[in-house]
Amino acid sequence: MKQEAAPVGAPRYRAFISYSHADASFATWLHRGIERYRLPAGSFGAAEPLAPVFIDRAELAAAPDLTDQVREALAASAALIVVASPQARASRWVDQEIALFRARHPDRPVLAALIAGEPDEAFPPALVEYQGRRIEPLAADFRKRADGKRLGLLKIVAGLTGQPLDRLVQRDAQARQRRVMAITAAALALVLVLSAALVIALRARAEAERQRSEAEGLVEFMLTDLRDKLEGVGRLEIMGSVNERVMDHYSKQELQSLPDDSLLRRAKLLHAMGNDDIRKEKFNLARAELGEAARTTAELLARKPDQPEIIFAHAQSQYWLGQLEFVRKNKSGAGVFWLDYERLAARLIEIDRANPEWRRELGYAEANLCALALAKPADVRSALDHCNKAAAIVEEMAARSPGDLQASIDQMTALAWLADAHLAANQLPQALSLRERQIRLANGVNRIHPSDARAKQALLVAEIGLGKVQRAVGQDRQVRDTKVRARTIARQLALKDPKNFRWRDWANQIENISR
């Protein structure tokens, strides 16, 4: 290749991008990225673009030599950027462009943008050799496992401008943070505008909608993540003042004036409040809340006696009233409500036999009657009957939903009740076999859901139940091993949330296994 005289005057191009046309997509991206980059004002002088950058888009495969346009652009460029790849190394045009640029501008930077292959596979000969000596080119590694596109671009900019890379990286991070803040501020402004529009719209509604809006606002407040989080840490007492306010509001409502969807939300909230107060042993307050819920769902049932969603809502009212009496050890009172709960669950199946949720609900009803039969004075035969029915239903549901956490927990719960029924009947081998199966299921669930506390809880409950049966059959050594495993699980749960009252109760049950 013939040598040419160096040009006179300032370069016209910031850089010349030399590439194989097999790498045209990346070269175009790099060209656009450099020309769009702006040096920040006040840090390296006045803000300015890094443009123009020359990129030759002509196909040279059939040409005998470099075009005049390419030669002129090389002569007028302040730097050369070589897109390095195995295709570039095989390209005689890339090699010629490097050699010509170095011959004309031996003092100007030549930068390599490595995009594929290792350096010895990707760097053209003229990039690493000049006048018989080996050269180590300045390179930015754009491969994913190395610098990647963002840092690679900043390295090229640093090479073109002579600025420290760490300052460019810091400026780039600040610019990205400003963009995020701007987007966040715009989103917040939009939320405020929409919130204001919503307030105006709500105020413009007719007086007939006022009660519904207020009730739904309270429902939304109660059914947010706040209640779930408080329940998870055993701090439901914080909900007390809110529950009182809701009850005061509901006591002033006339049920006949409320639409169906408002009544359904009202009942759901009252069920949650009653559940809270049962756990806090505020039984009188729970009775008032659950009684109001039952009055609400009874009003709905009177309007639409054959609508499944309403039958389900009233079934929940009967369940929670039964649960209240069961916790208060009023076996006959619980039986009245839970038998009606079973009747309503069976009614749902009559309406829609294909609905798995209704089938699951009947399984829950049978499990409740199993627990009731086991309460003193126990009716072991009835307990075994109901427990076997519940286990058959939840086994069917679990088979339909393999890997579903709730279905697996339901299955383990049913096995636990059935094991207790066999234990009460002094059928110890059957009880032990069921508890061991429960343990196997719990271990499987924990392998599928290793970070879910509910899976860990299920395993802890299973270990406690197993320990009780092992004690009954005289397996003292196994009881000790089971207690060790249970204590380990209890400690793991306590690390997640030391304030959770349920986990503390289970920890106490571990120590009672062998007493």
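A crossing of two helices is left-handed if the near helix is turned anticlockwise from the far one by less than a right angle, and right-handed if clockwise. In that sense α17 passes α18 in a left-handed crossing, where helices (H or I, at least four residues) and strands (E, at least two) are DSSP runs numbered from the N terminus. The model is a predicted one, in which local features need pLDDT of at least 70 and side-chain atom pairs count only at pLDDT 80 or more, while totals for chains, interfaces and linings use all residues. Residues are numbered from 1 along each chain as its sequence is written, and side-chain values use heavy atoms, with hydrogens and water left out.

**Helix pairs**

Two packed helices are described by the angle between their axes and the distance between the axes. Axes are lines fitted to C-alpha atoms, for helices over the stretch in contact, and angles run from 0 to 180 degrees between N-to-C directions.

| Pair | Axis separation | Angle |
|---|---|---|
| α15 (331-351) and α16 (356-374) | within 9 Å | roughly 160 degrees |
| α17 and α18 (405-424) | 9 Å | about 160 degrees |

Angles under 35 degrees count as roughly parallel, over 145 as roughly antiparallel, 65 to 115 as roughly perpendicular and the rest as oblique. α15 and α16 are therefore roughly antiparallel to each other, and their crossing is left-handed. With contact taken to mean heavy atoms within 4.5 Å, the α15 residues that meet α16 include Trp338, Leu339 and Tyr341, and those on the α16 side include Trp358, Leu362 and Tyr364. The residues of this contact divide into 15 nonpolar, two polar and five charged, where Ala, Val, Leu, Ile, Met, Phe, Trp, Tyr, Cys and Pro count as nonpolar, Asp, Glu, Lys and Arg as charged, and the others, Gly among them, as polar.

For the second pair, the angle of about 160 degrees makes α17 roughly antiparallel to α18. Among the α17 residues in this contact are Leu384, Cys387 and Met397, which belong to a set that meets α18 residues including Leu415, Trp417 and His422. By class, the contact of α17 with α18 has 16 nonpolar, three polar and two charged residues.

**A covalent link**

Cys387 also takes part in a disulfide with Cys370, with an S to S distance of 1.6 Å, the criterion being a pair of cysteine sulfur atoms within 2.5 Å. Cys370 lies in helix α16 and Cys387 in helix α17 (residues 380-400), so the pair ties together parts that are 17 residues apart in sequence.

**The sheet**

Five strands form an open sheet in the order β4-β1-β5-β6-β9, with parallel pairing, and two strands count as paired if DSSP finds at least two bridges between them. The edge strands, each pairing on one side only, are β4 (53-55) and β9 (138-141), and the twist averages 25 degrees from one strand to the next. β6 (residues 110-114) and β9 pair in the parallel sense over four bridges, and Ala140 in β9 is the bridge partner of Ala113. Helix α4 (residues 92-104) lies across β1 (15-18), β5 (80-84) and β6, and runs at about 155 degrees to β5.

**Backbone exceptions**

Most residues other than glycine have a negative phi, and most peptide bonds are trans. A cis peptide bond joins Ala51 and Pro52, with omega about 0 degrees, and Pro52 lies in the loop between β3 (48-49) and β4. Another cis bond joins Lys376 and Pro377, with omega about -5 degrees, in which Pro377 belongs to the loop between α16 and α17. Lys329, although not a glycine, has a positive phi of about 65 degrees, and Lys329 sits in the loop between α14 (308-327) and α15.
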